[in-house]
Amino acid sequence: MIKTDALIIGAGPTGLFTAHQLKLIGLDCEIVDNLDKIGGQCIELYPDKPIYDIPAVPECTGEELTKNLINQLKPFDIKFHLSERVDEVKKDGDKWIVKTNKGTSFTTPNVIIAGGVGSFEPRKFSVEGHEKFENKSILYSIKDKNIFKDKTVSIFGGGDSALDWAVELSNNCNVNLIHRRDEFRGAQATVDKVHELTKSKKIDLFTKFQLKKLNGSSKIESIDIEDNDKKVKNLKTDYVLGFFGLIMQLGPIANWGLNIDKKTVEVDTEKFETNQKGIYAVGDICNYPGKLKLILSGFHEGALAARACFKLARPNEKYRFEFTTSSKAIKNRLGIKSD
Amino acid sequence: MAKITYIEHNGTNHTVDVQNGLTVMEGAVQNNIPGIDADCGGSMACATCHVYVKEDWFDKINKKNEGEDDMLDQAFEPKKNSRLSCQIIVSDDLDGLVVDMPEKQT
């Protein structure tokens, strides 16, 4: 069991800056995120899109913002638990016990939810019966590509994941690549490669087709795909891979006894605390009168929630407000020599 | 101002007046019409305001924006007449527009 002053759920910009604020006032913290990388929506949804409303930063991309926030955390030692989703938050006296889907558990007086619009999960097929084949014949990510050797694999999607795997797997298996339109959103070089491999019959390409039906009992034997004019084709296949990007789902947060309205968590505007003492929500996931879903609002909310954490983490000490420009203690924490 | 009809997957109809300049997504959200999530708030960074535009209207509204089809690839059951409702700007010309909502957004 890991003991920490505060546990942050979500490694997006708000979670990162909240960690900075906690460390600055002398508290320790750890961060859990379901994605395999730091940055949240900024890195997953719009790494290349410019943002124009970060105070004092006229223009930066989601990726640059994330890099800068990580840089700002450099003086501190913060443990990240990536590719882990918090499943359970339970009260234990005046502490919270938090458990992830990978079995990591924490005990902490403060839980800060900086979860954006929930956790990112792969978008799944919607055809009937897809559940019973999932993780067997239907996969949304690849852990061991060797299982496909000499088999027939049907890949759905038009982005980089779909195209990269189509190219890669065409080396030693039969690849069907199916996409709902003629244009692909993957990198041009990979798109060119796919067309080349289609010409040399290494990849069978079906555009303007979508999955219609799965055939088979214990495992998939074939699939029916349908085009825009309802023309159906049957393809023999051993595996079906779906790469439709990630969707955001509130997920387990809904089960923690919090007041939730339209996928957001209600908080006060003094501590950004929820209806549960010691659980806070900051950034896009929190809701209060006048809430703006801006990154700058998340920074403000995190700063206040961090101060509220101090009370529960150090019940016998008094929090004293200090400026980074003048405080010796803060400069020490930042590793800056003061004269 | 335009009268816009949103039809839920279960057939429930909602007809509301939407001000010019707003998006079809905002028209739904501001009137608490279920079926449009709009998780990203209209920045074309998700596909949770997905609608099907009735065929006779599809060619009359503004064309898809660059990148919109990329997001629609990630929508739930996209079709030929799929659009992101955050990218359809309301004007007088859209009076009478009818959009169908998919079974779900995620």
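Predicted model: local features only at pLDDT ≥ 70, side-chain atom pairs only at ≥ 80, totals over all residues.
Residues are numbered from 1 along each chain as its sequence is written, while chains are lettered from A and ligands numbered from 1 in the order in which they are written.

**Chain A as a whole**

- Chain A holds eight helices and 24 strands.
- Along the principal axes, its C-alpha atoms fill a box of roughly 70 × 40 × 40 Å.
- Of its 339 residues, 39% count as buried, where buried means that 20 or more other C-beta atoms lie within 10 Å of the residue's own, exposed means 12 or fewer, and partly exposed is in between, with C-beta atoms placed from the backbone.
- Among contacts in chain A with a separation of 6 or more, 58% come from residues 24 or more positions apart; a contact means that the C-beta atoms of two residues, placed from the backbone, lie within 7 Å.

**The sheet with E22**

- Strand E22 (residues 264-266) of chain A pairs with E24(A) in the parallel sense over two bridges.
- In this part of the sheet, A:Glu266 stands opposite A:Asn287 of E24(A).

**Around strand E14**

- Strand E14 (residues 174-179) of chain A is mostly covered, with five of its six residues buried.
- Strand E13 (residues 152-156) of chain A pairs with E14(A) in the parallel sense over five bridges, and A:Phe156 stands opposite A:Ile178 in E14(A).
- E14(A) also pairs in the parallel sense with strand E15 (residues 203-207) of chain A, over five bridges; here A:Val175 has A:Ile203 in E15(A) as its bridge partner.
- From E14(A) the chain crosses through helix H6 (residues 188-199) of chain A to E15(A) in a right-handed β-α-β crossover; right-handed means that, with the strands pointing away from the viewer, the path from the first strand over the helix to the second runs clockwise.
- A right-handed β-α-β unit is also made by E13(A), helix H5 (residues 160-169) of chain A and E14(A).

**Helix H6**

- One of the 12 residues of H6(A) is buried, so the helix lies largely in the open.
- The end C-alpha atoms of H6(A) are 17 Å apart, which agrees with the 16 Å that its 12 residues should span at 1.5 Å a residue; the expected span is 1.5 Å times one less than the number of residues.
- After H6(A) comes A:Lys201, with a positive phi near 65 degrees.

- E16(A) pairs with strand E17 (residues 222-227) of chain A in the antiparallel sense over six bridges, and A:Asn215 stands opposite A:Ser222 in E17(A).

Note on methods:
Helix = DSSP H or I, 4+ residues; strand = E, 2+ residues; numbered from the N terminus. Pairing = 2+ DSSP bridges.
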